[in-house]
Amino acid sequence: MPDSQGSSRPSHPRRRDMLAYIGVSIAGLAYAPAVWGQTPQASIFARMGDNQRFDASVVVDIARQLSKRPFAAPANDLPDAFANLTYDQYVTIKSLRQPIWQGEGRGIAVEPLHRGFVFSNAVDLYLVEDGNVRRVGYDPAQFNFGGVSVPNNLTDIGFSGFRLISQKGDAQAFDFAIIQGATFFRALARGQNYGAISRALTLKPADAKGEEFPIFRAFWIERPGIGSNSITVHGVLDSESTTGAVRMTFRPGDMTIIDVETTLFPRANLDHVGLGAIASTYFYGPNDRRTADDIRPAVYESSGLQMLNGQGEWLWRPLHNPETLQISAFVDNTPKGFGLLQRERAYEAFQDDDQRFERRPSLWIEPLGDWGQGSVQLLEIPTDAEINDNILTYWRPKNPMAAGSEVPFAYRQYWGWNSPERPPLATVSGTRVGRGSGGRRRKFAIDFSGDMLGDNWPKDLKSVLTVGPGTFQNLKLLPYPERKTVRVAFELDPGNENAVEMRLILEAGGKPISETWLYRWTP
């Protein structure tokens, strides 16, 4: 996705993000009427509008009351001067105002983000200062439009979201989160580049009738205290099928942590809901080079899906770029965590001087409370270009959410170089796939790494591989104690099958000493 304007981090725009209304830019600061205008919904939001005393419970009640009214599509009110911009024109817009609360010693500052290009939806931004609500208004005099021709009669067109900037003490300031477009947001740890994208809510992904994209209608941003390293944001989301109230608490640093608390108010029965959703990119790598005619050895933001299921088993599923849409469901009860991780941190693995994929964040989701029965879903979408986010994972509850009900859920996100919890086991450090001995056969080489595989590696170590359908042959266990690594090599014969599920684990003394490697082969 495009990096935020004003950042020095290089990043190409991604078409998939753009179509989902992810945007960039910076805007100025003023106070003016809300973008809802005189619509019926305006009276609901006025309860927590300009000059009101802030009450978080009222934000929840706004979402509750909004669910009792029909969904109103966002107004198509963006002037053509912005709606018809190219991407290159759009990113030339520069703010003339400093971020909100910058220089006040509060640790975190806020930059409103401009509408334009394909990023047309407006969202109301409110500040909460000393318990009072003040709306952030748009003023065209507060930024430089570059070569963009702007109408003379431009009024308050609102914003599309905002960016959060860490300014803690003497540490170098860095922007650590962007909340913008649909219900999407992304974050990173100090020293990283933006990568994976989170969604506050996902509805009906890969559905035959089309995915439903909820949108944020308004945010209330609480001013941090002096010297603070956290900021709390309240939001109201809306879609045809549901409304919701979201509370997000951000804590930036060497690992950026976000607590997300949501209450949904379904307008209709919700049969396919995604909680804790993460989108990312996997174009090609050592296990999947069908699209590769490139000087770079690999192109991906996330290398795999990590899961810690309710039974305490650690699972690792490498990602790939299939020829046809692949949907995987990992059934579970009370999951302990899941996420898309970037395990490869060496420049040599990618050799991309622009994108620096080794600096992209891993994102781990820790459910707070009992999420019950359901499954971690993984969508792998074919793509012929690296600009597309072709990976999506989320938790899908087993039971539908009934119209008229109130459904609370919460989770904690960890954005950083590693996940906060790591298996006390050998982990998968590499998956390589290539041409086999003939026909449709494929060779696999799976590397497991860990301290227990060093000089004193267990001599009764064995690999346990299951394949179905299809068969395998030439299974080998190759220890490399000097690298604390064991390689498991084998050849898969899928026969006439077009999908083969595989499961591999290392055992010693009758007990697992590695996480479980899972893989789906497709032609």
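**Note on the predicted model**

1. T485 is a buried residue, because its relative accessibility is 6% and the cut-off for buried is under 20%. This is a predicted model, and the values below are computed from it. T485 sits in strand β30, which covers residues 485-493.

2. What does the side chain of T485 meet? It makes a polar contact with the side chain of S449, at 2.9 Å. S449 is also among the residues that T485 contacts once its neighbours within four places in sequence are set aside.

3. On the chain as a whole: the protein chain contains five helices and 33 strands. Its C-alpha atoms fill a box of roughly 75 × 50 × 45 Å along the principal axes. The radius of gyration is 24 Å, which agrees with the value near 24 Å for a compact globule of 523 residues. Of those 523 residues, 57% count as buried. Take the contacts between residues at least 6 apart in sequence: 69% of them join residues at least 24 apart.

4. F283 is another residue to look at. It is found in strand β16, residues 282-284. Is F283 buried or exposed? It is buried, because its relative accessible area is 7% and buried means under 20%. Leaving aside neighbours within four places in sequence, F283 is in contact with T291, V299, Y300, N321, T383, D384, A385 and E386. S302 lies 19 residues from F283 along the chain, and the C-alpha atoms of the two are separated by 9.9 Å.

5. Some backbone angles deserve a check. Most residues other than glycine have a negative phi, and most peptide bonds are trans. A182 is not a glycine, yet its phi is positive, at about 50°. T334, also not a glycine, has a positive phi of about 55°.

6. Where do A182 and T334 lie? A182 is in the loop between β7 (174-180) and β8 (184-187). T334 is in the loop between β20 (326-333) and β21 (337-341). A182 is buried, with a relative accessible area of 8%.

7. The peptide bond between G468 and P469 is cis, with omega about -10°. P469 is placed in the loop between β28 (462-468) and β29 (471-480).

8. How many cavities of 30 Å³ or more does a search of the whole structure find? The search finds four. The largest cavity holds about 140 Å³ of space. It is lined by 17 residues, and S160, Q180, G181, A182 and F216 are the closest to its centre. A182, the residue with a positive phi, is therefore one of the buried residues and also one of those closest to the centre of this cavity.

9. Which elements supply the lining of the largest cavity? β7 and β11 (215-222) each supply at least two residues. β11 gives the most, with three residues. By class, the lining has 10 nonpolar and seven polar residues, and no charged residues.

10. The largest pocket has a volume of about 760 Å³. It is lined by 33 residues, and those nearest its centre are R343, E344, V428, S429 and G430. The elements that give two or more residues to the lining are β19 (314-318) and β26 (427-435). The largest share, six residues, comes from β26.

11. What classes of residue line the largest pocket? The lining has 14 nonpolar, 12 polar and seven charged residues. For the largest cavity, by contrast, the lining has no charged residues.

Methods: Residues are numbered from 1 along each chain as its sequence is written. This is a predicted model: local features need pLDDT of at least 70, side-chain atom pairs count only at pLDDT 80 or more; totals for chains, interfaces and linings use all residues. Side-chain values use heavy atoms; hydrogens and water are left out. Helices (H or I, at least four residues) and strands (E, at least two) are DSSP runs, numbered from the N terminus. Buried means under 20% relative accessible area, exposed over 50%, partly exposed in between (1.4 Å probe, protein chains only). A polar contact is a pair of N or O atoms within 3.5 Å; within protein, one must be able to donate a hydrogen and the other to accept it, and residues adjacent in sequence count only if both atoms are side-chain atoms. Contact means heavy atoms within 4.5 Å. On a 1 Å grid over the protein atoms alone, a cavity is a set of points where a 1.4 Å probe fits but cannot get out, and a pocket is an open set with protein on both sides within 12 Å along at least five of seven lines; lining residues have an atom within 4 Å of a point. Grid points are joined across faces, edges and corners, and a volume is the space filled by probe spheres set on the points. Ala, Val, Leu, Ile, Met, Phe, Trp, Tyr, Cys and Pro count as nonpolar, Asp, Glu, Lys and Arg as charged, and the others, Gly among them, as polar. The radius of gyration is taken over C-alpha atoms; the globule rule is 2.2 Å times the number of residues to the power 0.38.
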